[in-house]
Amino acid sequence: MQVLDKRTETTDPRKTAPEASFLRQWREEKVQELKQRHSFSLHEEGISDLFLNGFTSQPLFSYRGRSYTGVEFSDFRTHIPYSLRRQLELFTDHTLLSVEATGLMEQDMDYRMAVWQHSDSLLIRAITERKIAPLLEDTMGLQTYFMTNRARYTWELPRFRGVVLHTSTKKIAREVKKFLKKLPEHEWASALALTFNGEHAPQVCFEQGEYAIGQNSCVDKLLFKQGGFSPVEGYPVTTLIGKKVSGPEDWKEVQERVIREYGEALEINWLKELRKKSVVEINEEVLKTVNNH
């Protein structure tokens, strides 16, 4: 049995997005305009044969003095996963719009140049993306770009990066500070927990992170000289162990932005190289002919 139509076409692009809906409406209005403006007629005999047998070699419709047959429709529908009726609608729309586009290419120089320019830009974009994509996986290149352009990633106001330490005595604070100097920052929290708050009663209370002004009252007072804070009960001595930083120190802290901007820089340089290598020669005689159109 030949399927003539379906009502559950969940993959129909007409139902997927506002943009698709807009394009569908534009296409339908344009096709109706073309049908009314130019000679368009359906061939009922061919269409009936198509719906009856699923295939026909007879003409299906005529447009601008030419007939379009079931053979052409058969080639078109091969990769269109919709019902037969919908396939025929798409074939008709596609045919009329293609005919008009071809006519514009032949008759309208401005349209032709616009199409060529658009095609060239798409080609350049595809080549550029193929050229740039592998470079964006180069972590050394990303880090180098970040370090070279580090000034653009600075924050409006500095921050504190390190440990806000609360201890019972200044002596313990000095011991902790000396102890942490030997370790990388990413090990500080676990080392403090194991060494000073292990089997015995907790000797310290701490928090590690990156703090902008207004995010931690202890940092605000001790480093940025703003406001005040109340000491932690049982740990009256508060010390900052770390440093003031004006921006991220590693490209991974602002990874998305660095990748995007590094890619843009690579693209600009790539296009500059293309222009240097490409020699443009203008044939004045041909140019005069183009201008006359």
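**Exercise 1.** Classify Phe196 as buried or exposed.

*Solution.* Start from the cut-offs: buried means under 20% relative accessible area, exposed over 50%, partly exposed in between (1.4 Å probe, protein chains only). Phe196 has 8% relative accessibility, so Phe196 counts as buried. Phe179, with a relative accessible area of 24%, is partly exposed.

A word on the source: this is a predicted model, where local features need pLDDT of at least 70 and side-chain atom pairs count only at pLDDT 80 or more, while totals for chains, interfaces and linings use all residues. Residues are numbered from 1 along each chain as its sequence is written, and side-chain values use heavy atoms, leaving out hydrogens and water.

**Exercise 2.** Describe the aromatic pair of Phe61 and Phe91, then that of Phe179 and Phe196.

*Solution.* Recall the rule first: rings of Phe, Tyr and Trp (its six-membered ring) pair if their centres lie within 6.5 Å; planes under 30 degrees apart count as stacked, over 60 as edge-to-face and the rest as tilted.

- Step 1: the structure holds eight aromatic pairs. In one of them, Phe61 and Phe91 are 5.7 Å apart centre to centre with 55° between the planes, a tilted pair.
- Step 2: both Phe61 and Phe91 are buried.
- Step 3: for Phe179 and Phe196, the centres are 5.6 Å apart and the planes at 75°, so this pair is edge-to-face.

**Exercise 3.** Find which residues ring pairs link into a cluster with Phe61.

*Solution.* Follow the ring pairs: the cluster consists of Phe40, Phe61, Tyr68, Phe73, Phe76 and Phe91.
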